[in-house]
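Biologist: I am new to this structure. Can you show me how to read its features, one at a time?

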Amino acid sequence: MNRHDVPTPCYVVSLPALDRNLEVLGSVQKRTGCRILLALKAFAMPAVAGRISAALSGTSASSLHEARLGKECFGGEVHACVTAYRDDEYDGLLSLVEHVVFNSFSQWERFGPRALSAGKRCGIRINPEHSEVEVPIYDPCGPGSRLGVRRRHFREELLDGVSGLHFHTLCEKNADALSRTLSAVEARFGDLIPRMEWVNFGGGHHITRPDYDLDLLCSLVTGFSEKYGVTVYLEPGEAVALNAGILTATVLDVVPGDPDVAILDASAAAHMPDVLEMPYRPEVMGAGKPGEKSHTYRLAGCTCLSGDVIGLYSFDRPLAVGDRLFFGDMAIYTMVKNNTFNGLRLPSIAVEEADGSVSVVRSFGYGDYKNRLS
Ligand SMILES: Cc1ncc(COP(=O)(O)O)c(C=O)c1O
């Protein structure tokens, strides 16, 4: 089987593409001595955990379940960075992780003592109030943010037991954004950093993008860790599986519109939610911008939502029922976010080897839909 005959809809993760990303991330670790964790919220696929854990230092978890997956399947260090811990899950979480990051001093006061007595390394998430992200829902430093402690709310008198600071402020950014962010972090929190053993620079570093400035990243990380004598952690999600997966879908119908609409067996709303949430227009292999090629279509999902629309694309040939399309960069923030709206079947999950052969590691059916609602 290959990507042209695997049953659709299906996420197909390319192992060579994933390995290329891991090689880049591994080289950053080697050059700088930093530790890179996979942020499981972006990509959490047990079938490829072995190659990820061989290359990286561990995982970062935003919930009990992610921490368990990190521990069970990925190994290495597991860091918890949870917006608010809950009492009924906390002891279970502590048994799985090495680092615990607290998003507020009230959480630190409430949950810190148990973490310290369990021998965990504890950190505070800070908010340097420096925005680099243009899309407000993805900007942790936007007005009214609940993510991280601002300097004016910081309680230095409670720092006993805190060995690290964590910030996460970026999204799909190059190293220049990290450089400006570090200046903001140092301006607001620089006096506290020498008291720390580690600083986590969060995610949002698009390290595996072709134009990413790896040299600048490496000099920033090395400079920071030498200046303050701290271990630097990075916890990218996207960069680990960037451009390492596609979603393949089949045209179910073509209906008249302005332009005509191709209805697919995949859905923006259910299977690629960031297309609507961000929003953005994913690449479709072989397709052009509207009007660029002879036949322009609106590509749309098969749910009842009027807005379940992926975008306008043009093709060399007219689209017909049964045609197969490939959406690019669909490994990240897709499988982890998808849903069964309208009772749609979840896309299967497959891996693709270097020779193009594809094997399905999981397919879904009625039971998965029913179980979530029963
Ligand atoms: C705390 C934290 N760390 C890491 C990440 C991963 O970010 P990305 O997938 O953009 O690299 C996120 C994403 O929201 C995050 O909130």
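Modeller: Start with valine 230, in the loop between α7 (214–228) and β9 (231–234). Helices (H or I, at least four residues) and strands (E, at least two) are DSSP runs, numbered from the N terminus. This is a predicted model: local features need pLDDT of at least 70, side-chain atom pairs count only at pLDDT 80 or more, and totals for chains, interfaces and linings use all residues. Residues are numbered from 1 along each chain as its sequence is written, and side-chain values use heavy atoms, with hydrogens and water left out.

Biologist: Is valine 230 buried or exposed?

Modeller: Buried means under 20% relative accessible area, exposed over 50%, partly exposed in between (1.4 Å probe, protein chains only). Valine 230 has 6% relative accessibility, so it counts as buried.

Biologist: Which residues does valine 230 touch?

Modeller: Contact means heavy atoms within 4.5 Å. Leaving out residues up to four places away in sequence, valine 230 touches Ile193, Met196, Glu197, Trp198, Val199, Phe224 and Ser225.

Biologist: Where does serine 27 lie?

Modeller: Serine 27 is in helix α1 (residues 15–32). Its relative accessible area is 30%, so serine 27 is partly exposed. Serine 27 and cysteine 218 are 191 residues apart in sequence and 9.7 Å apart in space, C-alpha to C-alpha.

Biologist: What does the side chain of serine 27 reach?

Modeller: A polar contact is a pair of N or O atoms within 3.5 Å. Within protein, one must be able to donate a hydrogen and the other to accept it, and residues adjacent in sequence count only if both atoms are side-chain atoms. Here the serine 27 side chain reaches the backbone oxygen of valine 24 at 2.7 Å.

Biologist: And aspartate 274: what does it touch?

Modeller: Aspartate 274 lies in helix α10 (residues 274–277). With a relative accessible area of 11%, aspartate 274 is buried. It touches Tyr138, Pro279, Tyr280, Tyr333 and Lys337, not counting residues up to four places away in sequence.

Biologist: Which residues come nearest to the ligand?

Modeller: A residue is near a molecule or strand if one of its heavy atoms lies within 4 Å of it. Of the 13 residues around the ligand, Gly204, Glu235, Gly237, Glu238 and Tyr333 come nearest. A polar side-chain atom of lysine 41 lies 2.9 Å from a ligand oxygen atom. For glycine 204, a backbone N or O atom is 2.8 Å from an oxygen atom of the ligand. Glutamate 235 places a polar side-chain atom 2.8 Å from a nitrogen atom of the ligand.
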